[in-house]
Amino acid sequence: MFDYIIVGGGSAGCVLASRLSEDPAIRVALVEAGPPDSSVLIHCPAGLAVIAKFEMHGWGYNTTPQPGLNGRRGYQPRGKVLGGSSSINAMIYARGHAADYDGWAAQGNPGWSYADVLPYFKRAEHNERGADALHGQGGPLNVMDLRSPNPFLGAFIEAGRQAGFAHNPDFNGPEQEGVGAYQVTHKNGERYSAAKAYLTPNLQRPNLQVITQALTTRVVMDTEVQPPRAVGVEIRSNGGRGPMQVLRLKDGGEVVLSAGAFGSPQLLMVSGVGPAAHLREHGIQPVLDLPGVGANLHDHVDVVIVVNAPKVTDLLGLTPGGLWKAVRGIFEWRRQRSGMLTTNFAEAGGFIKSSPVEAIPDLQLHFVVGKLVDHGRKTVLGNGYSCHVCLLRPKSRGSLRLASADPQAAPLIDPAFLQDPDDTARLVRGFQEMRRLLQQPALARFGGVESATSAQVQSAAQIEQFVRNHADTIYHPVGTCRMGPGGAAGSMDVVDARLRVHGVSGLRVVDASVMPSVVGGNTNAPVIMMAEKAVDMIRSDRRATSPHQEPFDDSRTRGHPHRSPQTVGV
């Protein structure tokens, strides 16, 4: 019997499990479908290249055929391991633009403006640059500048300035626009995932039970009461092959879904909460007709230019010189946790506008010292570099639907990439701006030659076809359990501003699926922020329903770093 059962050990789930179990009177279960985050490939930042190539520690999803991508299926890797996608991502710390959160509040979500969420970003953060009005120190999540940045980054930043973009040393500072180096979620030369930051230091708590390699198959509902109430979850151990077990809630407890933009809506639907007609198609008896479950799916769509540059040595270029440097880098990382294996690959980038009339940046750049093709899954010979441009605020909206009632079956993922003509037009302009930057003297002096695949496209029409033939996700799906007021004004909303599922008691969703619209940047830091804020809401609601309960004093846990986990060996 638990006070809180958290489904999904990703970025949000790790925060929730850690924070809620700070109160020794509260019993918490965290259920994760994947294994513990014990692989050195997770903790060594450059291990990302191996994880991506062999599709390790992920669900291995693909989209349905996308008309906007000329019928191609997109790749949708999501983390299936403690830490979730924060254990396999590129470790960039970016919050998005302040206007994104003000937009959430304006859509009927009080408490979600930038002024409201900034304290939670700061609470989560330990920024090695120091604390100020916009940054925190003492939080669990370590944020730092790269320990051993690639010296070639300076050429990219200078090329950006030559192209007319300002140098921005802090994308999470007063102004987002410009080019520069990203800060990363690292510590002492290792990846600092949400699991490592929040969960690992607290695994010995007697009131916290972490269950790995256990697939949650259903939220158990009490339908004899109105509104229906979540009373537990069904899980199957051994990766879904073991016997069914039931974890149950104490009176007044809650199930919190943190399974991500794909997992949370799928679990709601197989549990009977979702579009009633769709559920009946798969033989599921609806508990609650909630049509917004699985709707509003959208994602950052992205396209890449690859440049062949023999003079630029990179970790991805399979050349004798590059391989020898990589071997030396392994020994340096083992001894000192420094060197080229501390790279997150996407070390630099920027936020730019597709047109001068834009009020805020609508495009993001990720610059990679490496010839990145097909999400890193293809081996590319020779040295070079790549640049991504992604559309930050797509208008296209798709859906997630069930393929069957089997919770182990992959869902039907349709982000509707480039369905809206405005998305295509912006990405074409973004491609042109990215190419213009890459042609500046600071980079041109290295003799790089754009890959023939993209070099042959010049007109806007040709670029559009290149985009449709090559664009794909940059790994930020959101929106499938949209936050909003519900009712007549928000019939497609799934959770309220306190992240409680409309029409069901004892059930919340806390992950990227609740975002009404995707933030203008990478999504890991915002999800961690949302979970920090959710903890305060959960505690407040618990006190409101149990007025005689002694309030938990968490002041001792705020503004003080958690105990650091042990260094990972090789």
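Arginine 377 and glutamate 55 form a salt bridge, with their closest N and O atoms 3.0 Å apart; the term stands for a side-chain nitrogen of Lys or Arg within 4 Å of a carboxyl oxygen of Asp or Glu. This pair links distant parts of the chain, 322 residues apart: arginine 377 is in the loop between strand E19 (363-368) and strand E20 (384-391), and glutamate 55 in the loop between helix H3 (48-53) and strand E3 (61-62). Helices (H or I, at least four residues) and strands (E, at least two) are DSSP runs, numbered from the N terminus. Glutamate 55 is partly exposed, at a relative accessible area of 39%, where buried means under 20%, exposed over 50% and partly exposed in between (1.4 Å probe, protein chains only).

The model is predicted, so local features need pLDDT of at least 70 and side-chain atom pairs count only at pLDDT 80 or more, while totals for chains, interfaces and linings use all residues. Residues are numbered from 1 along each chain as its sequence is written, and side-chain values use heavy atoms, leaving out hydrogens and water.

By the salt-bridge rule, the count comes to 30. One of these joins aspartate 3 and arginine 542 (3.0 Å, N to O). Aspartate 3 belongs to strand E1 (residues 2-7) and arginine 542 to helix H16 (residues 524-545), so parts 539 residues apart in sequence are tied together. Both aspartate 3 and arginine 542 are buried. A further salt bridge brings together the side chains of aspartate 100 and arginine 393 (2.9 Å, N to O). Aspartate 100 lies in helix H4 (residues 98-106) and arginine 393 in the loop between E20 and E21, so this pair connects parts that are 293 residues apart in sequence. Aspartate 100 is buried, with a relative accessible area of 6%, whereas arginine 393 is partly exposed at 25%. Salt bridges with shared partners also join Arg19, Glu22, Arg123, Glu532, Asp536 and Arg539 into one network.

Turning to the strands, isoleucine 352 is located in strand E18 (residues 348-352) and is buried, at 1% relative accessibility. Beyond its neighbours within four places in sequence, isoleucine 352 is in contact with Phe165, Pro361, Asp362, Leu363, Leu365 and Glu433, contact meaning heavy atoms within 4.5 Å.
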